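Welcome! Take a look at it first, and then follow the points below.

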Protein chains: 2
Amino acid sequence: MGRWEPNARGRLLKAALELYGESGFEQTTVAEIAKRAGLTERTFFRHFADKREVLFAGMATMEELIVAAVANAPDRAAPIDAAIAGVEAAGAAIQEGGELPRLRAKIVATSAELQERELVKLALFAASIARELERRGVAEPAASLAAEAAIAVFRVAFDRWVDEANEQDLPRLIRESLGQLRAVTAGQ
Amino acid sequence: MGRWEPNARGRLLKAALELYGESGFEQTTVAEIAKRAGLTERTFFRHFADKREVLFAGMATMEELIVAAVANAPDRAAPIDAAIAGVEAAGAAIQEGGELPRLRAKIVATSAELQERELVKLALFAASIARELERRGVAEPAASLAAEAAIAVFRVAFDRWVDEANEQDLPRLIRESLGQLRAVTAGQ
């Protein structure tokens, strides 16, 4: 075992995202990431299975956050509002990540393989939201439709957040997108 | 070149789906598919790149069908109704496939790799619908939200169609799901 490195995980994550952005995901090696972070490859592999996992490492935590927010929505909240509470919680956490989530999104957009993995992640989030809505007593297909709608709202808001130069608030963009989805599905 | 075989493609498709259902997708070989269809492996590879492609072969045609239906929706149709016209056209085509699309869906559900491919396919359909809506003059993010909502409606309706023993009409299930999405997003 190597000695304990303060915040090794965070340093590796930041170094990896920077290098993927500068040299491309495919071109970057684990050796380069470790070097940039001032750590060893061995330390890298104690934290991440491979260089792809760096981009999807926060996924389990994010899922827990989403499911908890759906579970904790007020009892009387409509299914769509409970589902949106879940993706809003995700949005608030992403927002706290500052520039890194934006950088991450731009890297994912450069690779078909990474985009596939991102789609799978979002589909899993939708399934978890639907399951949690069912636990709250929402019947199918309303649970699945509310969950899918919330994920669609999240994707559109997140894309705007990534693209726009001005510093918009992601949870606010999510609520705005929900309003737009409501207008759209009402046939306006 | 082998001699021309009448409806070789259709026979291979049917044989492959039957075998995937009986023995599993992973376990089935191209040799077995060709044998069941009464054709050679060489003929199989004239029609499909590999055994996975059999399951996604109709994709380009399906996409054209969807985009054409969106383009041909009445000028005054709301974005969501134009988007739904696209997935309804897909639903009608799937319905005509009889038992094969149901069998196909059950096979896709057995494999994480095939499910990923299916997610990618649906994401591409959503992007094509959004692009076509933009061509009709729908601004973003309404175009993307209507497209994503239509795909969500399609997924839920298709899952019901696959699961339910009774012979439901898929385009009708799609319209029903749209009504349910409207109720859900209205906060009911």
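Let's begin where the two chains meet: in this predicted model, 28 residues of chain B are in contact with 27 residues of chain A. Four helices of chain B each bring at least two residues to the side that touches chain A, namely helix 6 (79-96), helix 8 (112-135), helix 9 and helix 10.

**Where the chains meet**

- Which helix of chain B gives the largest share of the side that touches chain A? Helix 9 of chain B does, with ten residues.
- Sorted by class, the side of chain B that touches chain A has 16 nonpolar, six polar and six charged residues.

**How the two copies are related**

- Chain B can be laid over chain A by a rotation of 180 degrees, with 0.0 Å of shift along the axis and an RMSD of 0.0 Å.
- This is the relation of a two-fold axis.
- Both copies use the same surface, since 96% of the contact residues of chain B recur in chain A.

**Chain A at a glance**

- Chain A is built with ten helices and zero strands.
- Read from the N terminus on, its elements run α-α-α-α-α-α-α-α-α-α.
- The C-alpha trace of chain A spans about 55 × 35 × 25 Å along its principal axes.

**The two domains of chain A**

- Six residues from domain 1 of chain A and eight residues from domain 2 of chain A make up the contact.
- On the side of domain 1 of chain A that touches domain 2 of chain A, there are three nonpolar residues, two polar and one charged.

**Helix 5 and helix 8 of chain A**

- Helix 5 (residues 59-71) of chain A packs with helix 8 (residues 112-135) of chain A at an angle of about 30 degrees, and their axes are 9 Å apart.
- Because angles under 35 degrees count as roughly parallel, helix 5 of chain A is roughly parallel to helix 8 of chain A.
- Their crossing, that of helix 5 of chain A and helix 8 of chain A, is right-handed.

**Helix 9 and helix 10 of chain B**

- The axes of helix 9 (residues 142-163) of chain B and helix 10 (residues 170-185) of chain B come within 8 Å and cross at roughly 125 degrees.
- Helix 9 of chain B and helix 10 of chain B are therefore oblique to each other.
- The crossing of helix 9 of chain B and helix 10 of chain B is right-handed.
- From helix 9 of chain B, the contact residues include B:Ala149, B:Val153, B:Arg160 and B:Trp161; from helix 10 of chain B, they include B:Leu170, B:Ile174, B:Ser177 and B:Leu181.
- The residues of the contact of helix 9 of chain B with helix 10 of chain B comprise twelve nonpolar, one polar and one charged.

Note on methods: Residues numbered from 1 in each chain as written. Chains lettered and ligands numbered in written order. Predicted model: local features only at pLDDT ≥ 70, side-chain atom pairs only at ≥ 80, totals over all residues. Least-squares fit on C-alpha atoms with pLDDT ≥ 70 in both. Contact = placed C-beta atoms within 7 Å. Axes fitted to C-alpha atoms, helices over the stretch in contact; angles between N-to-C directions. Parallel < 35°, antiparallel > 145°, perpendicular 65-115°, else oblique. Left-handed = near helix turned anticlockwise from the far one by under 90°. Nonpolar A, V, L, I, M, F, W, Y, C, P; charged D, E, K, R; others polar.
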